[in-house]
Amino acid sequence: MHDLIPPKVRARLRNLHLTSKRAVGTHGIGMHSSRSRGAGLEFAQYRAYEPGDELRQIDWKLYARSDRFFVREAERESPLAIWLLLDATASMRQEDAARPGWSRLDAAKALSACVAELALRQGDRFGLIVLRGGGLRLLAPAAGARQRDRLLLELHNVSAQGAWPAAEQLRPLWERIGAGDLALMIGDGFDEDAVAIAERLASARREVLSLRIVTAEERDFPFRGGYRFRDPETGEELLGDGAALRDEFLGRFAAARKALDARLVASGIRHAEYVLDEELDLPLRRLFGARDAMEAS
């Protein structure tokens, strides 16, 4: 169940830390600031002593000056809740001819497993929502190795099918992803309904990240000769000569990526792109801003 992450990638993950906008510091475990008050490391304010408060929280120097008891409050550190929103629609079956057996969905599963490992190491909670034809499949966030194993089992059973779920099937997204949670959307990224979900979550003050998976053939369009291009979700087909279509496709694809990135930036959504021939941890480093460059494999 642990072979979704190649050994070399797993080793490099040790230098990577999940971060959120509400992080107090820059490194992993215990560095996610909560809105609740209590005993912690970052001073927030004083308040009057109340029965039940711990004596160690009383500021005795302030008592000596004021003859009144005051308690030091601080931001209480709390684990982050990370939701992995996995696109498992039919388009995620696509793979590159140069790397058969490694589809967008395979990459999405492996990236999800990487994030789960990072969350596990940091003591954060993590859960999964699979979106595909027929609706959602949900694994509520929890922490620990058993949760990691449950998530890996869910990923193992996921297959790509159908189109994006209907609006009425998306209710769990709005009900379960809470304020302060982090939602990482992993998929091909261009489905308008998926982009609308990201924007809606962000407008509701959820922290949203987007990880877009594209094929090397989309990036390079290496086709020569006659080809039949088929949309796996709509069934639409295009017949044409690969070389003749190349410049137009690359131009339109670049424009679409630029427009999508602009929409994400406008909504405050951090985003990164992963191409199927890249190292698996590279987009995570782009997302979470690792200080060190990725070591050569």
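This is a predicted model: local features need pLDDT of at least 70, side-chain atom pairs count only at pLDDT 80 or more; totals for chains, interfaces and linings use all residues.
Student: What does the secondary structure of the protein chain come to?
Tutor: Nine helices and 11 strands. The chain has 297 residues, and 42% of them count as buried. Among contacts with a separation of 6 or more, 72% join residues 24 or more positions apart.

Student: Which strands make up the open sheet, and in what order?
Tutor: Six strands, in the order S6-S5-S4-S7-S8-S11. The pairing is mixed. Neighbouring strands are turned by 15° against each other on average, direction ignored.

Student: What makes S6 and S11 edge strands?
Tutor: Strand S6 (135–142) and strand S11 (270–275) each pair on one side only.

Student: How do you know that S7 and S8 pair?
Tutor: Count the bridges. Pairing needs at least two bridges between the strands. Six bridges join S7 (residues 182–187) to S8 (residues 207–214). Therefore they count as paired. The two strands run parallel. Ala 183 stands opposite Val 208 in S8.

Student: Why is S8 called largely enclosed?
Tutor: Eight of its eight residues are buried, so the rest of the structure largely encloses S8. Look at the directions its residues take. Glu 207, Leu 209, Leu 211 and Ile 213 point one way from S8. Val 208, Ser 210, Arg 212 and Val 214 point the other way. All of these are buried.

Student: Which helices lie across S4, S5, S7 and S8?
Tutor: Helix H3 (residues 104–122) lies across these strands and also S11. H3 runs at about 175° to S4. Helix H6 (residues 192–203) lies across S4, S5, S7 and S8, at about 170° to S7.

Student: How do you know that the span of H3 agrees with its number of residues?
Tutor: Take 1.5 Å a residue. The 19 residues of H3 should then span 27 Å. Its end C-alpha atoms are 27 Å apart, which agrees. Just after H3, Gly 123 takes a positive phi of about 80°.

Student: What makes H3 mostly covered?
Tutor: Of its 19 residues, 16 are buried.

Student: Why is Ser 112 called buried?
Tutor: Buried means under 20% relative accessible area. Ser 112 has 0% relative accessibility, so it counts as buried. Leaving aside neighbours within four places in sequence, Ser 112 is in contact with Leu 84, Leu 86, Leu 151, Leu 155 and Ile 186.

Student: Why are H3 and H4 called roughly antiparallel?
Tutor: Angles over 145 degrees count as roughly antiparallel. The axes of H3 and helix H4 (residues 145–156) cross at roughly 175°. Therefore the two helices are roughly antiparallel to each other. Their axes come within 10 Å.

Student: Which residues of H3 and H4 meet?
Tutor: From H3, Lys 109, Ser 112, Ala 113, Ala 116, Glu 117 and Leu 120. From H4, they meet Ala 145, Arg 148, Leu 151, Leu 152, Leu 155 and His 156.

Student: Which residues touch the most other members of the largest nonpolar core?
Tutor: Leu 184, Ile 186, Leu 211, Ile 213, Tyr 274 and Leu 284. This core has 45 residues. Its largest share, 11 residues, comes from H3. Apart from it lies another core, of 20 residues, among them Leu 131, Val 195, Ala 202 and Val 208.

Student: What is Ile 186 in contact with, leaving aside its neighbours within four places in sequence?
Tutor: Its contacts include Leu 84, Ala 108, Leu 111, Ser 112, Leu 211 and Ile 213.

Student: What makes phi of Asp 67 worth a look?
Tutor: Phi of Asp 67 is positive, about 60°, although the residue is not a glycine. Asp 67 is in the loop between helix H2 (60–66) and strand S3 (70–77).

Student: Is Asp 67 buried or exposed?
Tutor: Exposed means over 50% relative accessible area. Asp 67 has 58%, so it is exposed.

Student: Where is Phe 221 found?
Tutor: In the loop between helix H7 (216–220) and strand S9 (226–230). Phi of Phe 221 is also positive, near 45°, in a residue other than glycine.

Student: Is Phe 221 buried or exposed?
Tutor: The cut-off for buried is under 20%. Phe 221 has a relative accessible area of 4%, so it is buried.

Methods. Residues are numbered from 1 along each chain as its sequence is written. Side-chain values use heavy atoms; hydrogens and water are left out. Helices (H or I, at least four residues) and strands (E, at least two) are DSSP runs, numbered from the N terminus. Axes are lines fitted to C-alpha atoms, for helices over the stretch in contact, and angles run from 0 to 180 degrees between N-to-C directions. Contact means heavy atoms within 4.5 Å. The expected span of a helix is 1.5 Å times one less than its number of residues. Buried means under 20% relative accessible area, exposed over 50%, partly exposed in between (1.4 Å probe, protein chains only). A nonpolar core is a set of buried Ala, Val, Leu, Ile, Met, Phe, Trp, Tyr and Cys residues joined through side-chain atoms within 4.5 Å. Angles under 35 degrees count as roughly parallel, over 145 as roughly antiparallel, 65 to 115 as roughly perpendicular and the rest as oblique.
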